[in-house]
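Come along while I look things up.

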Amino acid sequence: MSHEAALQNHEGHESHEHDGHHEHHDTFLTKYVFSQDHKMIAKQFLITGMVWAVLGGLMSVLFRLQLGYPDSSFPWLESILGKWAKGGQITPQAYYALVTTHGTVLVFFVLTAGLSGTFANFLIPLQIGARDMASPFMNMLSYWFFFTASIVMMSSLFVETGPFSGGWTAYPPLSALHDASPGSKTGMDLWIISMALFVVSSLLGGLNYIATILNMRTKGMSMTRLPLTIWALFFTAVLGVLSFPVLLSGLILLIFDRNFGTSFYLSDIYVNGVGALSNEGGSAILFQHLFWFLGHPEVYIILLPAMGMVSEIISVNSRKPIFGYMAMLGSLFSIAILAFLVWAHHMFVTGLNPFLGSVFVLLTLLIAIPSGIKVFNWLTTLWRGNIRFTPGMLFAIGFVSLFISGGLTGIWLGNAALDIYLHDSYFVVAHFHIVMGVASMFGMFAGVYHWFPKMYGRYLNNSLGYLHFWITIAGAYMIFWPMHYQGLAGMPRRYFDFSIWESFKQFADLNRFISTVAMIVFATQILFLINFFYSIFKGRKVTVLNPWESNTLEWTTPIRPGHGNWPGEIPEVHRWPYDYSKDGHDFIPQTTPVGEDESGTH
Amino acid sequence: MSTALNTKNKIHPQKMYLYAGLGSIVMMFAGLTSAYIVKKSQANWLDFDLPKVFFISTVVILLSSFTMQMAVKKAKEGLQNPYRGFLTVTAILGVVFMVLQVQGFMAIQANNIALTGPRSNSAASFLFVITLLHLLHVLGGVIAIFGVRFKSLSAKNIAENTLPVELLSTYWLFVDILWIYLFVFLQWIG
Ligand code: HEM
Ligand SMILES: [Cu+2]
């Protein structure tokens, strides 16, 4: 029925059918489990994402323990990990399984599903003025596919031969041959099934976001009056819808190689204990092309939602219009286009034709332009603003800082000549953790702090928020900054133990330092979780409709909006969302009609 | 009541959903056929002729698109029985198409070219995987036809809500065009 409501609204903006909502009784099952309300689905994505963030973070603590203390043994490890930590030290196989699962779940489950899933679901209908998504049912399915993918991935942690251990990029032959490693057996089967389910979930969600944004905006909400959050989520969805199917193609070919003896990716292989394989003529590089055709857009799928939310939060808390709205749109657009044209910068050392490589260098470096525009616009929005340093705002500013730091190293890596040296070193690890991992996490935190009052009708605790921010930003730089030096010194990524290399012994102390900080930062995230769950039930209650004095539509809904979002008619929009400090008004909501003697309107 | 803005947006959200979904299916097959081209330029590629039966299946699926369009037309005119009849014929043609595709696979194997397994060459494996994935999309369409047809039984006047059958026919036309692309690709380009 919500479905009907959403559609009728689209037809004529009449909303009398809304009264029907109250007669409809939700059971526990339809309200909290198989909910079709976009706000509840958003929370489901958020909380599932948080569970994965804790698990994925814990994995990194475990493998950092190995890197920081390669010579020590921790008997308690054996008691939780069993045979994966014989004698109190995790085994190389377990190390690789942990790194792989950490990468996979953080990239896909936390920063894709947890981020887009949460905020696209929550914000799109609320900020464009719709009662729900184009298809609330598909939306619900999207979550349950994600949930099933989660269960399958989780179960791979418990199989006899362990989870997949060939890296989050799942390159063949490790991913294609059962006998290549213990993790390549059942663990890999489960990994593929889980990822296939995940792709379906992303598609069901992404299609909904696109259809909803294009077709269900309220009266007056033209595309150029949309908040930048919505634009960013729109491009994110487009990227996902166009690139995830290509990953699926790659995985399907992989399934055939694994299970039906084909030779798409395999050629001339000898496996110890098995002998020479009959596969001939396949090319492992082919998989890399298919993978990175998704893989690069994927990093922007992770980043764009954070960019959008940060633009919104910075503008609201600077009490200034966003600087260069159209430039922000243009740069989002060009980033989305370029995202499809640069995948081979992950493959400079695969024997790529150097002339082709130089084209990819050029296209890769072009990304610096829209990235630079966005940074410039955030900084100019902050400039001489009347800044309110809420925790959400701090995380947004932290995002900008991290994006600058990590983007600059991207320019190093984008040069093939430099990348041939830096590829697969800790420099790359530093680059992508800062620019993607931590930055997008910051975007997500910013979003949670900013929209928590709308989600739960209560506030998060501010003091804990400040503590969370300062420890996390300082810790993130302390963890990842030194990795640049390690990478420049040639330290390769994905190694189990550096203490046996003469040239890397100098880093023993540094590695221990990094590991220690990593544990502290992880513990700080627990603080955030406590704040989050405590505040849902016991936080200070929100008593005003618009606590941040913001212009966007979500703050015109009741403090705890029901299914359908607005009790009466959906408000009409008369202006863009960034009229802050205009004509002597601190802020003018989008629903305020244009005044007679108002200066230029958008 | 609606402003200029809203009249521009009159395309139904669920149609938009479908169009974007078709875009993602396009990308899936674009990925596969690009991989095919890359692979073909490398060593060990086996050239062989497409079995004749694929020509017949192409005609069949073309025909089914025509019957599907007729079904939409009848639905809009509110003619229940012809509408259901055309849907049934379309579904049958879809099934015939799938059977013919499988015959195509068997014809290739009868020529001693393995599609999968240790003796297979990726030329044949590619053809098999791509065609099989397309076949699954047709299968999805056939199931959807039955779904729509079944639902129409309870409708008093089908002309009142033709959205389901319009979505269905768009999808069906799409898998048809997709096959023609794949057929031309496999026969002449790839
Ligand atoms: C100016 C912008 C950027 C440039 C020029 C750039 C360039 C590169 C290059 C050339 C690599 C390959 C390094 C190697 O493996 O040898 C790389 C890796 C990576 N980049 Fe960036 N990057 C940029 C921004 C970003 C952003 C914004 C994100 C994510 C939000 C990102 C995420 C990643 C990831 C995840 C990897 C590593 C993947 C892996 O091998 O596991 N990059 N980047
Ligand atoms: Cu990239």
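Before any distances, I noted what a donor is here: an N, O or S atom within 2.8 Å of the metal (3.2 Å for Na, K and Ca), with water not among the atoms, so sites may look incomplete.

**Ground rules.** I am working with a predicted model, where local features need pLDDT of at least 70, side-chain atom pairs count only at pLDDT 80 or more, and totals for chains, interfaces and linings use all residues. Residues are numbered from 1 along each chain as its sequence is written, chains are lettered from A and ligands numbered from 1 in the order in which they are written, and side-chain values use heavy atoms, leaving out hydrogens and water.

**Entry 1, the two metals.** I looked up how far apart they sit: 4.6 Å separates the iron atom of ligand 1 from the copper ion (ligand 2).

Which residues hold the copper ion (ligand 2)? I found H296(A) through ND1, and H345(A) and H346(A) each through NE2, at 1.9 to 2.1 Å. Along the chain, these donors follow the spacing H-x48-H-H. For helices I used DSSP runs (H or I, at least four residues), numbered from the N terminus.

I also checked accessibility, where buried means under 20% relative accessible area, exposed over 50%, and partly exposed in between (1.4 Å probe, protein chains only). H296(A) counts as buried because its relative accessibility is 5%. H346(A), at 22%, counts as partly exposed.

How many donors from the protein does the iron atom of ligand 1 have? I found a single one, NE2 of H431(A), 2.1 Å away. H431(A) belongs to helix 16 (residues 426-456) of chain A.

I counted a residue as near if one of its heavy atoms lies within 4 Å. There are 22 residues around ligand 1, and W168(A), D419(A), H423(A), H431(A) and R493(A) come nearest. Helix 14 (391-414) of chain A is among the helices that each supply at least two residues of this shell, and its six residues are the largest share.

For polar contacts I took pairs of N or O atoms within 3.5 Å. An oxygen atom of ligand 1 is 2.4 Å from a side-chain N or O atom of D419(A), and a polar side-chain atom of W168(A) lies 2.9 Å from an oxygen atom of ligand 1.

Technical notes. A polar contact is a pair of N or O atoms within 3.5 Å; within protein, one must be able to donate a hydrogen and the other to accept it, and residues adjacent in sequence count only if both atoms are side-chain atoms.
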